[in-house]
Amino acid sequence: MKNFFANLVLLTILSCIPMGAQDKLHKITFSPSWMPQAQFAGYYVALEKGFYRDAGLDVEIIIPSNSSPSVLKLKTGEVDIISTQLVQAIAAKDAGTDLVNICQTSQVNGLVIVAQPQYTSLEDLIGKRVASWKSGFSELAYCMANDNGHNVEWIDIPSGINYFISGAVDGILTMYYNEYFQVMNCGKKVTEQNVFHLSEYGYNVPEDGLYCLRSAYLNHEKEMNAFAQASKRGWEYAREHTDETIDIVIKTMKIHNIASSPSHQKWMLAKILELQINKETGQASYTLDPKTFKFAVDVLKKNNLIKNDVTYDSFVSPETRVK
Amino acid sequence: MKLFYNIKHSFSARFSLYILILVGVVFLATLSITYINSYRTIENAARENAEITMEKTTLEIESLLSGLSKTVDNVARILQKEPFHPDSLYSIVREIVENNSDVIGSAIAFEPDHFRQKGYYYSPYAYREGDKVSVKQLGTVDYDYFTKEWYQIPKLLDRNYWTEPYYDEGGGEAVMCTYSSIMKDENGNFMGVVTVDISLDWLSNLVQSIKPYPNSYSFLIGCGGTYIVHRQKNRILNESIFSISYEEPDPSISQRIGQKMVDGETGEEIVMNDDYLAYIFYAPIENIGWSLAMVCPADDIFAELTRTSRTIGLYSIGGLLLIFVFCLIAIRRVTSPLKSFAVSAKKIAHGDFNVALPVIKSEDEMMELRNSFDYLQKELVRYMDSLQNTASAKEKIESELRIARQIQLGMIPKTFPAFPTRTDMDIYAILNPAKEVGGDLYDFYIDGDRLLFVIGDVSGKGVPASLLMAVTRSMFRSASAYLHSPAEIVSALSAAIVDSNDSNMFVTLFLGILNLKTGEINYCNAGHNPPVLLSSGNVGFFPVEPNIPLGLFEGFEYKEQNGVIPNGATLFCYTDGLTEAESETKELYGEDRLLKVLEDKELYTSKNQINAVYEDVRAHVGNADQSDDLTMLSITVFYKTISRKIVITNDLSEIETLKSTVDSFCEEVKISPELSMQLQLVLEEAVTNVILYAYPDKKGDIELELSQCNGHLTFVLSDRGIPYNPLEKEDPDVTLAAEERPIGGLGIYFIKQLMDEVGYNRNDGKNIFTMKKIQNN
């Protein structure tokens, strides 16, 4: 039951910077989209290695919760910058939160449907039960099923894979970097035949990116871009120093009393870094591709998840835009 | 190093080591078999023990879980059938909690809006709060139970369900799991669930109490391999047996075991767990899909065996050492006299025959050895005594033999030139006995113009032969003094030998009387080898009647023969020691080879002839022992000679006389100018020498005779001066430069080089210097 962190409010990383130096730094509050784990390794590394301080920033990472997700924190002005998924960000923009993408870390969608061993194609799952998170992040899978006319019985679950282990569902929606590892390692005789990456079915909508409010961006463009740059530096460092990165992540998880499985975190870091590589360029661009963006908007609109068109230029900061 | 030395040199150490090795091998084999058997027994016992423990534990868990599930199933069944008031459910859940000490909470949860009056959520819930049991309505906006695993999964499965363990933050703050029994209405529609929550603390305690060995531990995993109970708390609910496999050196081990456990199998694996070998036993908990495993380090299982083996091993080593020491001492004790014997033997070897032998008290082989040693000692003393006597006797004999040899050789003429002043003949002989003394003989002497000579061979060798040889030689001298015919002399000799010949020995000989003026020869051959005649380029045997050897029969009539030796011819006599000389391959020298080697030796001096034959026979014999006495006698006669004799005084002015004499001699005998020159030089040198040194401070005569016959040139230089043998002077070192050489000696060296043969005699107060040269025109 993950809602135990509902009680965690504004856990802060204590800064050791002397007061004199701190005066000159610009204070930034940042909220990743979930609790500390390797999914956000780049930010924890940047903090730990002092990349933010080098960029003239005094960054405080604020952990979100189910009741107070990062998008809400941004909307309420509780934090300056958040990390969230593209679909969530577009939905928030459509709903009136005027946010701006200042960095797009994810390039490949990580959603994977894992089916029980007897199902070897997506069509096999028509009319079958597939578990998905009730807390969100599942929208793209719904869209794909709708678009294909696949009538799937989506079962809302809080989290975890016990539904799948017990056989209560025929398939489960997982994150490639997260639950996928558990599902593949739970003694179920699941193979590559039973896994379906959404990105391989034309639904390659990138995920995590960094966002701030347009107003904040207009006032502090330099600092926002500096945060994005320092974060990229953190990710690049993580890519070069995976062992040290895992240590930093595990340490951070311990500080927040979150049980950690080193093997799982290693898997997560490896896959997160893999998903940051653009399939076409073979590189981590940290930018949002306009075509991909338009596809995401079209899919959401078609499925009535958003009402209005969202334009690329209004969504992406000038610094990050791809011409 | 000392140990190796001991083993190599000490019988006791070596033998003790053999015993040690043998006993050690037997010990080791026995221990190994025992160890292997014990190992298997213990392994089987551990296996059985594990099975029993696992079975007991799983049964305990199953019975508790099934007890609870039956209770809940009963409530669910009743609620399905019997009508009830929603509020009465609170007392039911309270009762369930109160009546089951293992239960920490119980709920009856219904589908949304099941009771119109109760709203969207209705779920009476009882739970422990300290010692008392409280109740509340569980479902709220904040606690939307419809998606909870304990509610939704049994609903989806359409059957009763034990949830996977989870950490409950709301109620017990403990690891717990929930059993849900589903309720359906009369139409078979899902109505809700009846649940009990149990804390897994008791399960944790129960599982962790399974500890058959000090370092063994047990763990429990859920349906997906997640740890439910593990001694490492951070693994519980956080890691699975599959996820931790990636942190291990070989992930496949944990994955394999995990798969079998998740599949509900019962089994056993022996694996390298972390750094040690461990036995892992596992068995499923039926009906709930969990699996229990027990990890037992092999070191623990076999600890007792290892300890016992170690103890036995230590005792064995101790025992082996004891055996070794005992053997060493015992064997050393038994064999210690051997050392003393060895010392005694060494002393005996060094000549101390009376050395004391070790005292042996036992009546065993050692005593026998001592007696043998004692006997050996006495025998050695005796033997050495007799050996000493024998040796001195032998020494005496040898010394006598040496004297005998000298006497024997003294009997025969062995000074050459034998007759230096006689230029009408050239005689030379050698006698080489095979042993100290021999049975060969030769003799010759001149009576007027007659040369009497004899060569003979006594049968056999050594002392007996030598004695008969001496007798024969003496008789030859005495008989030839009054008898003038060779046959008469031979007959007389034969008669004398037959008379006194008890040992059946015989003598072959060839006896001749040669007239040096005419070359006429009367001779008698008594069974001896025919001499070889070298004459006018021909080589052949001299015609002889064989007759018989001396000493065989009395009254045998020996036939005498006569003939003429041509002027300048050589009569070469020998004994069978020459023709029968054996080579290393036992081949005889033979007459043919003798004739062959003599073929071109006519123009040789007698001495050089004999030396040439001797060299040839030596080459034939090689390294073989000389088988028989070897004697050769060569006589060359020159009864028609051209000779010149001058007498000069010791004045250097006489050299001119010498020169003219030599010149006219050379001219007369047609000597080549070159040789003439050489002869001039040689004779001048020789004569000058005599002039200068023979007569210090007084006048004296010097006589030189020059003679030639058939290419044989003979020069005899004599004086009555002080005795002086120029041949005794050492040859000068001609390899040195002239100025570096000591003064003198070069003249004589020069003479020796140019002449074929030179000789010196001191006879009748005269120095006689003889020079011979073959004229090769």
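At what angle do helix H16 and helix H17 of chain B pack, and how far apart are their axes? The views below are of a predicted model, in which local features need pLDDT of at least 70, side-chain atom pairs count only at pLDDT 80 or more, and totals for chains, interfaces and linings use all residues. Residues are numbered from 1 along each chain as its sequence is written, and chains are lettered from A in the order in which they are written.

**View 1. Packing of H16(B) with H17(B).** Helix H16 (residues 673-693) and helix H17 (residues 746-754) of chain B pack at about 140°, with axes 10 Å apart (axes are lines fitted to C-alpha atoms over the stretch in contact, and angles run from 0 to 180 degrees between N-to-C directions). Helices are DSSP runs of H or I with at least four residues, strands are E runs of at least two, and both are numbered from the N terminus. The two helices are therefore oblique to each other, since angles under 35 degrees count as roughly parallel, over 145 as roughly antiparallel, 65 to 115 as roughly perpendicular and the rest as oblique.

**View 2. Burial of H12(A).** Eleven of the 14 residues of H12(A) are buried, so the helix is largely enclosed by the rest of the structure (buried: 20 or more other C-beta atoms, placed from the backbone, within 10 Å of the residue's own). Among them are A:Trp267, A:Met268 and A:Leu269.

**View 3. Chain A against chain B.** The contact takes 24 residues from each of chain A and chain B (C-beta atoms, placed from the backbone, within 7 Å). H7(A) gives the most to the chain A side, with four residues.

Technical notes. Two residues are in contact if their C-beta atoms, placed from the backbone, lie within 7 Å. A residue is buried if 20 or more other C-beta atoms lie within 10 Å of its own, exposed if 12 or fewer, and partly exposed in between; C-beta atoms are placed from the backbone.
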